[in-house]
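I opened the notebook to look up a few local features one after another, and I put the coordinates at the head of the entries.

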Amino acid sequence: MIISVCSRCTLENEDSCQQQLVIDELKSGLTVGVQLQEVRCMAACDKPISVGISDRGKASYLFGGIKSKEHVLALLEFIGQYQKNKNGWTNSKERPKALRSKTVARIPASFLQIAKDSTPK
């Protein structure tokens, strides 16, 4: 599983300190096997700070407007749900309440990857 945080997102009238706080809070709460990477841009510039969650064979998510510890804690809760979910697909009511208005995109898993992964060996 990979958590991507936009390295260019900054909140209006803020410097990169808030973004670094989000990154640090995420890092401190992640479990083994979850990687955090900073990426230059995830095209959610009107909703800083943006965070993507993806894993092989699962739906991916892009959240925006992540600006508080409450949001980060909700992300960490969602990451736990996501890890337990076979295909990663959730509806908004299944996600933590603090994230429901923060979902920018849910991208279905690649059917080609799923088909390849399920081919008998």
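Entry 1, a residue in a loop. I looked up serine 50 and found that it counts as buried because its relative accessibility is 0%, where buried means under 20% relative accessible area, exposed over 50% and partly exposed in between, with a 1.4 Å probe and protein chains only. Serine 50 lies in the loop between E2 and E3, the helices (H or I, at least four residues) and strands (E, at least two) being DSSP runs numbered from the N terminus. Leaving aside neighbours within four places in sequence, I list its contacts (heavy atoms within 4.5 Å) as Ser4, Val5, Cys6, Cys9, Met42, Ala44, Leu62, Phe63 and Gly64.

A note on the source: I am reading a predicted model, in which local features need pLDDT of at least 70 and side-chain atom pairs count only at pLDDT 80 or more, while totals for chains, interfaces and linings use all residues. Residues are numbered from 1 along each chain as its sequence is written, and side-chain values use heavy atoms, with hydrogens and water left out.

Most residues other than glycine have a negative phi, and most peptide bonds are trans. Against this I noted the peptide bond between proline 48 and isoleucine 49, which is cis with omega at about 0 degrees; isoleucine 49 sits in the loop between strand E2 (35–39) and strand E3 (51–54). I also noted alanine 43, which is not a glycine and yet has a positive phi of about 60 degrees. Alanine 43 lies in the loop between E2 and E3, and with a relative accessible area of 67% it is exposed.

How many aromatic pairs does a search of the whole structure find? The search returns five, a pair being two rings of Phe, Tyr or Trp (its six-membered ring) with centres within 6.5 Å, and planes under 30 degrees apart counting as stacked, over 60 as edge-to-face and the rest as tilted. One of them joins tyrosine 61 and phenylalanine 78 edge-to-face, at 5.0 Å centre to centre and 75 degrees between the planes. This pair links distant parts of the chain, since tyrosine 61 is in strand E4 (residues 60–63) and phenylalanine 78 in helix H2 (residues 69–84), 17 residues apart. Both residues, tyrosine 61 and phenylalanine 78, are buried.

I then followed phenylalanine 78 to tyrosine 82, where the ring centres are 5.9 Å apart and the planes at 40 degrees, so this pair is tilted. The two are four residues apart in helix H2 and therefore separated by about one helical turn. Phenylalanine 78 has a relative accessible area of 0%, and tyrosine 82 is likewise buried at 0%. Tyr61, Phe63, Phe78 and Tyr82 make up one aromatic cluster. Lysine 58 lies over the face of tyrosine 82, at 4.8 Å from the ring centre; for this, NZ of Lys or CZ of Arg must be within 6 Å of the centre and within 35 degrees of the ring normal.

The whole structure gives two of them, each defined as a side-chain nitrogen of Lys or Arg within 4 Å of a carboxyl oxygen of Asp or Glu. Lysine 69 meets glutamate 25 at 3.8 Å, N to O, and this pair links helix H2 with helix H1 (residues 17–29), 44 residues apart. I find lysine 69 exposed at 51% and glutamate 25 partly exposed at 28%. Aspartate 46 bridges to lysine 47, with the closest N and O atoms 3.5 Å apart; aspartate 46 is exposed at 62%, and lysine 47 partly exposed at 37%.
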